[in-house]
Amino acid sequence: MTDKIHLNRPQLQNLYADMLRIRRFEAKCTELYQAQKIRGFLHLYDGQEAVAVGVLAALSAADAVVATYREHGHALARGVPMKLLLAEMLGKVEGCCRGRGGSMHIFDRERRFFGGNAIVGGGLPLAVGIAMADKQLRPGAVTACFFGEGAVAEGAFHESMNLAAIWQLPVLFVCENNLYAMGVPLADAESQTDIYRKAEAYRMASLQVDAMQPLQMEAAARQALAHVRGGRGPFFLECRTYRFRAHSMFDPQAYRTREEVEQWQHQDPVQRLRNWMASNHWMTAEEETAIDTAISTEIEAAVAFAEAGTLEPVADLERFVLMATVVQENADVQEDVQGDVQENADQQEASP
Ligand SMILES: Cc1ncc(C[n+]2csc(CCOP(=O)(O)OP(=O)(O)O)c2C)c(N)n1
Ligand SMILES: [Mg+2]
């Protein structure tokens, strides 16, 4: 699987457990979605787990994370408690964003997890801004910015890459190249399908990695982070991966064949790491069972917590809705202005 192992036994087991935890959590989310307990959109991460887990294992608490709408795995790997994540997805006040963000907008200030973003490419300028502030305020902190390969068609991608390079900002750009942007295959959308090469145009260091190989992914992430932490500017990591499930819950997948999906499933990073660890004695059957049981227990507790949560009362719906305040303030200002105008007019009329 890899030439040289840099991880010890507990680290390897954590890598596996973190990936399996995401896989199993999302399987539960599918059930909850089918039961209409999770509403709206739901974008699952099956197949791509090694990317989030590989990168986040190498980050520290001071670092920042920006992700996309396919971000449950990143949130879990970052340490957002599963029960708060699930409550959020069920729209409950107990969720990490009071149920106002939902699946696509997970946010956790304490863990410096800045979303969750439904806008393709929308996270990149945020990451650059966060890194710019951190460079002054939190020396040594890195912002890891995850995005799909579909984002590279956006102007915001190029502006962000350019500014990060010019200002030598501590950003780790992590492109999760799963070969499709909704139903559009990469080769139909990009003339250069080796996405990491786009970094060259910005004179940014870059690397392409097979993200179906968790150990390679983890090693590449560490190498990339060492570069950024060493003060050598941003780094671009292209992670070659594949999503096993549909783009979202509404997707007939007419753009790919079942055989193609099956072929990729043979490279399933979770199963692959499990098999390799078991056959190389990095994990005994008992250890595997213990990991499995801990995950089941955690998921059960999260479901119980989320289901027992409360929906926000209708009376609170306008709380935190800034537009309402701005509109009201504008109306107040306009009233004041109109009052002044009338006063001036009255004064002029009264004057000789
Ligand atoms: C600016 C913008 N344009 C279009 C969309 C609609 N849209 C949602 S997901 C998606 C595909 C993105 O693909 P990719 O970046 O590869 O991420 P993946 O879904 O493969 O993880 C598109 C076009 C959007 N959300 N935002
Ligand atoms: Mg994609």
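**Exercise 1. Identify which residues of helix 4 meet which residues of helix 11, and describe how the two helices cross.**

Solution. In this predicted model, Met 82, Lys 83, Leu 86 and Ala 87 of helix 4 meet Glu 298, Ala 301, Ala 302, Val 303, Phe 305 and Ala 306 of helix 11. Sorted by class, the contact of helix 4 with helix 11 holds eight nonpolar, no polar and two charged residues. Turning to the geometry, the axes of helix 4 (residues 82-89) and helix 11 come within 8 Å and cross at roughly 45°. Helix 4 is therefore oblique to helix 11, and the crossing in which helix 4 passes helix 11 is right-handed.

**Exercise 2. Determine how helix 1 packs on helix 11, and which residues make the contact.**

Solution. Begin with the axes: helix 1 (residues 9-34) and helix 11 (residues 285-307) have axes 10 Å apart and pack at an angle of about 40°. Since angles under 35 degrees would count as roughly parallel, this angle makes helix 1 oblique to helix 11. The next step is the handedness, and here helix 1 passes helix 11 in a right-handed crossing. On the side of helix 1 the contact is made by Gln 13, Ala 17, Leu 20, Arg 21, Arg 24, Phe 25 and Lys 28, while helix 11 contributes Glu 287, Ile 291, Ile 295, Ile 299 and Val 303. The residues of this contact of helix 1 with helix 11 divide into seven nonpolar, one polar and four charged.

**Exercise 3. Decide whether helix 5 is roughly parallel or oblique to helix 6, and characterise their contact.**

Solution. Helix 5 (residues 123-137) and helix 6 (residues 155-166) pack with their axes 8 Å apart, at an angle of about 20°. Because angles under 35 degrees count as roughly parallel, helix 5 is roughly parallel to helix 6. The crossing of helix 5 and helix 6 is left-handed. Leu 124, Pro 125, Ala 127, Val 128 and Ala 131 of helix 5 make the contact with Ala 156, Phe 157, Glu 159, Ser 160, Leu 163 and Ala 164 of helix 6. By class, this contact of helix 5 with helix 6 comprises nine nonpolar residues, one polar and one charged.

**Exercise 4. Describe the surroundings of ligand 1 and the domain layout of the chain.**

Solution. Ligand 1 is surrounded by 13 residues, of which the closest are Val 120, Gly 148, Gly 150, Ala 181 and Met 182. The shell around ligand 1 divides into seven nonpolar, four polar and two charged residues. As for the chain, its domain assignment gives domain 1 (9-315) and domain 2 (321-352), and the centres of domain 1 and domain 2, taken over C-alpha atoms, are separated by 50 Å.

Key
Residues are numbered from 1 along each chain as its sequence is written. Chains are lettered from A and ligands numbered from 1 in the order in which they are written. This is a predicted model: local features need pLDDT of at least 70, side-chain atom pairs count only at pLDDT 80 or more; totals for chains, interfaces and linings use all residues. A residue is near a molecule or strand if its C-beta atom, placed from the backbone, lies within 6 Å of it. Ala, Val, Leu, Ile, Met, Phe, Trp, Tyr, Cys and Pro count as nonpolar, Asp, Glu, Lys and Arg as charged, and the others, Gly among them, as polar. Domain bounds come from an automatic or database domain assignment. Axes are lines fitted to C-alpha atoms, for helices over the stretch in contact, and angles run from 0 to 180 degrees between N-to-C directions. Helices (H or I, at least four residues) and strands (E, at least two) are DSSP runs, numbered from the N terminus. Angles under 35 degrees count as roughly parallel, over 145 as roughly antiparallel, 65 to 115 as roughly perpendicular and the rest as oblique. A crossing is left-handed if the near helix is turned anticlockwise from the far one by less than a right angle, and right-handed if clockwise. Two residues are in contact if their C-beta atoms, placed from the backbone, lie within 7 Å.
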